[in-house]
Amino acid sequence: VLKQADIHKNELTELIKKIDYQSIEIKKTNAKLRMTKTQLENIFNEMTDVVYSIKLPEKEILFITPSVAMLCDVEAQDFLN
């Protein structure tokens, strides 16, 4: 029984190590995603062209660059609403 308990303890220890490693990797990936999102937002915010994304078949506008204000004289958020 003690030997079996020791085996389970070792298995649990290894599982905890794997989970800790995966947690660290997820945090790194999330940080990279946040950085990429910020970079893309900066690019879109500086564009003079209007870029937008529409969800089909619902025809729902998901995203539009702030430059829509210059073209349509409507703020991007108002355009989305």
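**Notebook: contacts and backbone in a predicted model**

I began in helix α1, where lysine 28 and glutamate 25 are 3 residues apart and therefore separated by about one helical turn. The model is predicted, so I took local features only at pLDDT of at least 70 and side-chain atom pairs only at pLDDT 80 or more, while totals for chains, interfaces and linings use all residues. Residues are numbered from 1 along each chain as its sequence is written, and side-chain values use heavy atoms, with hydrogens and water left out. For the elements I used DSSP runs numbered from the N terminus, with helices being H or I of at least four residues and strands being E of at least two.

**Salt bridges**

I looked up how the side chains of lysine 28 and glutamate 25 meet, and found a salt bridge of 3.6 Å, N to O; the term requires a side-chain nitrogen of Lys or Arg within 4 Å of a carboxyl oxygen of Asp or Glu. By this rule I count 3 salt bridges. For exposure I kept to relative accessible area, calling a residue buried under 20%, exposed over 50% and partly exposed in between (1.4 Å probe, protein chains only). Lysine 28 is partly exposed at 46%, and glutamate 25 is partly exposed at 29%.

I then noted the salt bridge between lysine 17 and glutamate 14, whose closest N and O atoms are 3.7 Å apart. These two residues also lie in helix α1, 3 residues apart, about one turn of the helix, and glutamate 14 is partly exposed with a relative accessibility of 42%.

Lysine 37 forms a salt bridge with glutamate 41, with 3.1 Å between the closest N and O atoms, and here the spacing within helix α1 is 4 residues, about one turn. I recorded lysine 37 as exposed at 51% relative accessibility, whereas glutamate 41 is partly exposed at 37%.

**Surface patch**

On helix α1, which covers residues 2-46, I located leucine 12, and I recorded leucine 12 as exposed at 51% relative accessibility. Together with Leu15 and Ile19, Leu12 makes a nonpolar surface patch of about 280 Å². Patches are made of residues with over 30% relative accessible area and no salt bridge, joining like charges within 9 Å and nonpolar side chains (Val, Leu, Ile, Met, Phe, Trp, Tyr) within 5 Å; the areas come from the Shrake-Rupley method with a 1.4 Å probe, and for residues only the protein chains shown count as cover.

**Aromatic pair**

I found 1 aromatic pair in the structure. Phenylalanine 44 and phenylalanine 63 form this tilted pair, at 5.0 Å centre to centre and with 50 degrees between the planes. Because phenylalanine 44 lies in helix α1 and phenylalanine 63 in strand β2, the pair ties together parts that are 19 residues apart in sequence. Rings of Phe, Tyr and Trp (its six-membered ring) pair if their centres lie within 6.5 Å, with planes under 30 degrees apart counted as stacked, over 60 as edge-to-face and the rest as tilted.

**Backbone**

I checked the loop between β1 (52-55) and β2 (60-64), which holds proline 57, and found a cis peptide bond joining leucine 56 and proline 57, with omega about 10 degrees. Lysine 59 lies in the loop between β1 and β2 and has a positive phi of about 60 degrees although it is not a glycine. Aspartate 73, in the loop between α2 (68-72) and α3 (76-80), likewise has a positive phi, near 55 degrees. I noted these because most residues other than glycine have a negative phi, and most peptide bonds are trans.
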